[in-house]
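Please look through the sequence and the model shown here before reading the report that follows.

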Amino acid sequence: MALRLVLMGPPGSGKGTQAKILAEREGLAHLSTGDILRGAMASGSELGLKVKEVVEAGQLVSDDVLYGVIEESLKKLGPKMGFILDGFPRNLRQAEFLEAILEKLGIGIDAAVLLDFPEESLIKRLSGRRVCSRCAKEYHIDFLPPKIEGRCDRCGGELYRREDDEPEKIATRLRVYNDVTLQMVDFYRDRSLLIRVDADGSIQDVVQRVLDSIGNRAKEKRL
Ligand code: AP5
C-alpha cells in the first residue's frame with residue numbers, strides 16, 4: 001500500500017534529510033516546498049523573483065503561491081503514488097487546503113510525523129549546513145562533511161551556506177515555527193494522525209525511529 005506522510009519539525013530538525021532517505025528506501029515521491037522555492041530562486045523564474053526576499057528573511061511565503069504548486073504536484077503523482085510532504089503544510093490554512101485537495105483525489109495521509117528536536121541544538125545544525133550550488137546536495141561540516149572541503153562529492157560544485165542559515169534568520173524561522181507552524185499539531189492530533197519522533201540522534205537512528213513508529217501505528221490500526 002502506498003504510504004503518504006507529512007513531515008513536520010522546526011528548521012534544522014532533519015526533515016529534508018529524513019525525507020530523502022525515506023523516499024528512496026520506501027519508493028515514495030519527495031515533495032519539498034523549500035526545495036521547490038529555492039530551485040525557482042536559483043533559476044531566476046517569476047516565482048523565484050517573487051519569493052526570494054521573503055524566503056531569505058526566514059518568513060513564510062503567502063499560501064496562494066504554494067497552493068497551485070502543491071495541487072499540481074499531487075495531481076501529477078496520481079492517487080496510487082505514495083509521497084512525503086516536507087515543509088508543507090506549514091500553517092492551519094495550508095493543512096485544511098491539503099486535506100481538501102486529497103479528499104478530491106480520494107486519498108488521505110497515513111501519518112503526520114513531528115520531528116522533535118531541542119531548540120538549543122538547532123543553531124549548530126543549521127550554521128554547519130552547506131549546499132551544493134550546482135546539484136543542491138546537502139552536507140554538514142561536522143556531521144556529514146564532503147570528502148573535499150567546500151566541494152560537492154557528487155558533482156564537484158561549490159558548496160555555500162543558505163542565506164536563511166544566518167543566526168538572526170534562524171531566530172526568525174524558529175519564531176515563525178513556534179507561533180504559526182506548531183498550531184498544526186492539534187489539527188493532526190485531533191485526526192489521530194500525529195506521530196512524535198525524537199530527532200536527536202544520528203541520521204540513521206532517526207530514520208529507524210520514524211520507520212518503527214509508522215510500523216507500530218499501522219499495527220495498532222489493524223488491531
Ligand atoms: P525549508 O527548506 O522547508 O526550511 P526549514 O523548514 O527551515 O527546514 P530546513 O531545510 O532548514 O531544515 P530541515 O528540517 O529540512 O533539516 P535538514 O534535513 O536540512 O523552507 C525554507 C523557506 O521556504 C521557509 O523559511 C519559507 O520561507 C519557505 N517555505 C517553505 N515551505 C513553505 C510553506 N509551506 N509555506 C510558506 N513558506 C514556505 O538538516 C539540517 C542540517 O542538519 C543539514 O546539514 C543535515 O545534514 C544535518 N542533519 C540532519 N539530520 C541530522 C542528524 N540526525 N544528525 C546530524 N546532522 C543532521
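Is Arg151 buried, partly exposed or exposed? With a relative accessible area of 36%, Arg151 is partly exposed, where buried means under 20% relative accessible area, exposed means over 50% and partly exposed lies in between, computed with a 1.4 Å probe on protein chains only.

## Basis of the model

This is a predicted model, in which local features need pLDDT of at least 70 and side-chain atom pairs count only at pLDDT 80 or more, whereas totals for chains, interfaces and linings use all residues. Residues are numbered from 1 along each chain as its sequence is written, and side-chain values use heavy atoms, with hydrogens and water left out.

## The loop that holds Arg151

Arg151 is found in the loop between β6 and β7; helices (H or I, at least four residues) and strands (E, at least two) are DSSP runs numbered from the N terminus. Leaving aside neighbours within four places in sequence, Arg151 is in contact (heavy atoms within 4.5 Å) with Pro146, Gly156, Gly157, Glu158 and Leu159. The side chain of Arg151 reaches the backbone oxygen of Gly156 at 3.0 Å, a polar contact being a pair of N or O atoms within 3.5 Å, of which, within protein, one must be able to donate a hydrogen and the other to accept it, while residues adjacent in sequence count only if both atoms are side-chain atoms.

## The antiparallel sheet

Strands β6, β5 and β7, in that order, form an open sheet with antiparallel pairing, where two strands pair if DSSP finds at least two bridges between them. The edge strands, each pairing on one side only, are β6 (138–140) and β7 (159–160). Three bridges join β5 (residues 129–132) to β6, and Val131 has Glu138 in β6 as its bridge partner. Helix α6 (residues 119–127) packs on this sheet, touching β5 and β6, and its direction makes about 30° with that of β5; axes are lines fitted to C-alpha atoms, for helices over the stretch in contact, and angles run from 0 to 180 degrees between N-to-C directions.

## Parallel strands and nonpolar cores

Strand β4 (residues 111–116) is largely enclosed by the rest of the structure, because five of its six residues are buried. It pairs in the parallel sense with β1 (residues 4–8) over four bridges, and Met8 stands opposite Leu114 in β4. Five bridges join β4 to β8 (residues 194–198), again running parallel, and Asp116 has Asp198 in β8 as its bridge partner.

Met8 is also among the residues with the most contacts inside the largest nonpolar core, which has 33 residues; such a core is a set of buried Ala, Val, Leu, Ile, Met, Phe, Trp, Tyr and Cys residues joined through side-chain atoms within 4.5 Å. A second, separate core of 22 residues includes Val113, Leu122, Leu174 and Ile214.

A polar side-chain atom of Arg90 lies 2.5 Å from an oxygen atom of the ligand. Backbone N or O atoms take part as well: one of Gly87 lies 2.8 Å from a ligand nitrogen atom, and one of Tyr139 lies 3.0 Å from a ligand oxygen atom.

## Backbone exceptions

Most residues other than glycine have a negative phi, and most peptide bonds are trans. The peptide bond from Phe88 to Pro89 is cis, with omega near 0°, and Pro89 is found in the loop between β3 (83–86) and α5 (92–105). Ala136, in the loop between β5 and β6, has a positive phi of about 70° and is partly exposed at 46% relative accessible area. Ser192, in the loop between α8 (184–190) and β8, has a positive phi near 55° and counts as exposed at 52% relative accessibility.
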